[in-house]
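Please read them with the structure open beside the text.

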Amino acid sequence: MSQRMNYNSVSPAGAKALGTVYGYVRQSGLPARLIDLVYLRVSQINGCAYCIDSHSRDLLKGGLPVEHLVLVAIWPEAGTIFDEQEKTALAWAEAVTRLGER
């Protein structure tokens with residue numbers, strides 16, 4: 001999948017800042033799967049095909065079963081597929097990503 005725009009050329013400082021945040025979160029001690037689930041859900045909400053593709057691939061490489069991957073968008077209805085920590089993180093991701101809607 002190709003990128004819709006070259007973020008580094010459009011806003012080098014913005015791209016660097018996002019990379020710094022991503023790096024910080026990665027070294028935070030949180031499980032990689034949890035981080036990638038949150039990034040995937042936020043990307044779904046924001047409608048970023050490039051990011052959805054990227055985070056989906058990260059999750060699959062990390063061993064997430066495809067059955068889990070396809071249910072991220074409807075995680076509240078997925079029964080016990082996601083554990084309590086994942087459900088809490090996904091709920092938080094939705095709340096902070098949708099702040100502008102309120």
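1. The chain exposes about 6,600 Å², of which carbon and sulfur atoms supply 60%; accessible areas come from the Shrake-Rupley method with a 1.4 Å probe, and for residues only the protein chains shown count as cover.

2. This is a predicted model, in which local features need pLDDT of at least 70 and side-chain atom pairs count only at pLDDT 80 or more, whereas totals for chains, interfaces and linings use all residues. Residues are numbered from 1 along each chain as its sequence is written, and side-chain values use heavy atoms, with hydrogens and water left out.

3. Six helices and zero strands make up the elements of the chain, where helices (H or I, at least four residues) and strands (E, at least two) are DSSP runs numbered from the N terminus.

4. Of the 102 residues in the chain, 25% are buried, meaning under 20% relative accessible area, with exposed being over 50% and partly exposed in between (1.4 Å probe, protein chains only).

5. In helix α3, the buried residues are Leu-34, Ile-35, Asp-36, Leu-37, Val-38, Leu-40, Arg-41 and Ser-43. Their cover includes α2 (12–26), α4 (49–61), α5 (66–69) and α6 (84–97), a contact being heavy atoms within 4.5 Å.

6. Just after α3, Gly-47 adopts a positive phi of about 70°.

7. Along its principal axes, the C-alpha trace of the chain spans about 45 × 35 × 30 Å.
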